[in-house]
Amino acid sequence: MDNHQVLVLNQDYQPLNVCHIRRAVLLVYQSKAEMLEDGLGFWHSEKDHFALPSVIRLSCLIKHPPLRPKLNRAEIFSRDKHTCQYCGRKDLELTIDHVNPKHQGGPHVWENVVAACLHCNRHKAGRTPEQAHMKLMCTPGVPQYRYGYSLPRANANIRHEWRPYLGLGDEPKLVV
C-alpha cells in the first residue's frame, strides 16, 4: 500500500501534485478531499473497508503561483516536441541553438533557445536566422506547465485513471 501514488486535484480540478496513498486516505477520511477515482483496491480495517483512491479533489481551493519550468535540454526538447525548429525533422540528433547568438548579446532564456539538428546548427553557426537565411518553425517561448513538477513527465508513467484529469485522454466525468 505504501508504494501507491494518488493524483491530487485542486478544488477547480487543476492537478496540483502526487501524494502517497496514506496521505490521500487521511485527506478523504478527514473530509478535506473527495475521492474521484478508485482503482487501487480496498483497505480493510477491523470494522469496515474503504476503497483506495487513485484521484482525489481537495475540498478547498489552494492558491499557488504559476510554475515556471527550468531551462534545460530536456525541457527545451520537450517544448519543441523533439523536432528541429529549422528543418522540422524529428529523426536527427538534436542540439540547443541560441536564436540570437550569445556572442551577439543573445541571452540564455526560453525566448532565445530552440532545438536544432546538428546540420542546421552548423549551417546557422554564429548568425541569426535572418543572417543565415533560415526560418524558425515556431517562435520560442516559455512552455506552459499543465501540472506540477512532481507528476511523471513521460506519458508511459501516468496511470490510466489520471489521464482525463491531465488532459491526456477522455474528458473527466466531473467538470466544473
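The sulfur of Cys87 lies 3.6 Å from the closest cysteine sulfur, that of Cys84, which is too far for a bond, because a disulfide is a pair of cysteine sulfur atoms within 2.5 Å. A search of the whole structure accordingly returns 0 disulfides.

This is a predicted model, in which local features need pLDDT of at least 70 and side-chain atom pairs count only at pLDDT 80 or more, whereas totals for chains, interfaces and linings use all residues. Residues are numbered from 1 along each chain as its sequence is written, and side-chain values use heavy atoms, with hydrogens and water left out.

The table gives relative accessible areas, where buried means under 20%, exposed over 50% and partly exposed in between (1.4 Å probe, protein chains only).

| Residue | Relative accessible area | Class |
|---|---|---|
| Glu37 | 14% | buried |
| Cys87 | 37% | partly exposed |
| Cys138 | 47% | partly exposed |

Glu37 is found in strand 3, which spans residues 33–44, and its side chain is joined to that of Tyr165 by a polar contact of 3.0 Å. A polar contact is a pair of N or O atoms within 3.5 Å; within protein, one must be able to donate a hydrogen and the other to accept it, and residues adjacent in sequence count only if both atoms are side-chain atoms.

The protein has 3 helices and 6 strands, arranged along the sequence as β-β-α-β-β-α-β-β-α; these are DSSP runs numbered from the N terminus (helices H or I, at least four residues; strands E, at least two). Of the 176 residues, 38% are buried.

The largest nonpolar core has 16 residues, and those with the most contacts inside it are Cys84, Tyr86 and Cys120. Such a core is a set of buried Ala, Val, Leu, Ile, Met, Phe, Trp, Tyr and Cys residues joined through side-chain atoms within 4.5 Å. Helix 2 (73–79), strand 5 (94–98) and strand 6 each supply at least two residues of this core, and the largest share, 5 residues, comes from strand 6. A second, separate core of 12 residues includes Val8, Cys19, Ala24 and Leu58.

As for confidence, pLDDT (the predictor's confidence in each residue, from 0 to 100) averages 84 over the protein, and 86% of the residues score at least 70. Residues 172–176 stay under 50, and the model has 6 contacts for them beyond four places in sequence, a contact being heavy atoms within 4.5 Å.
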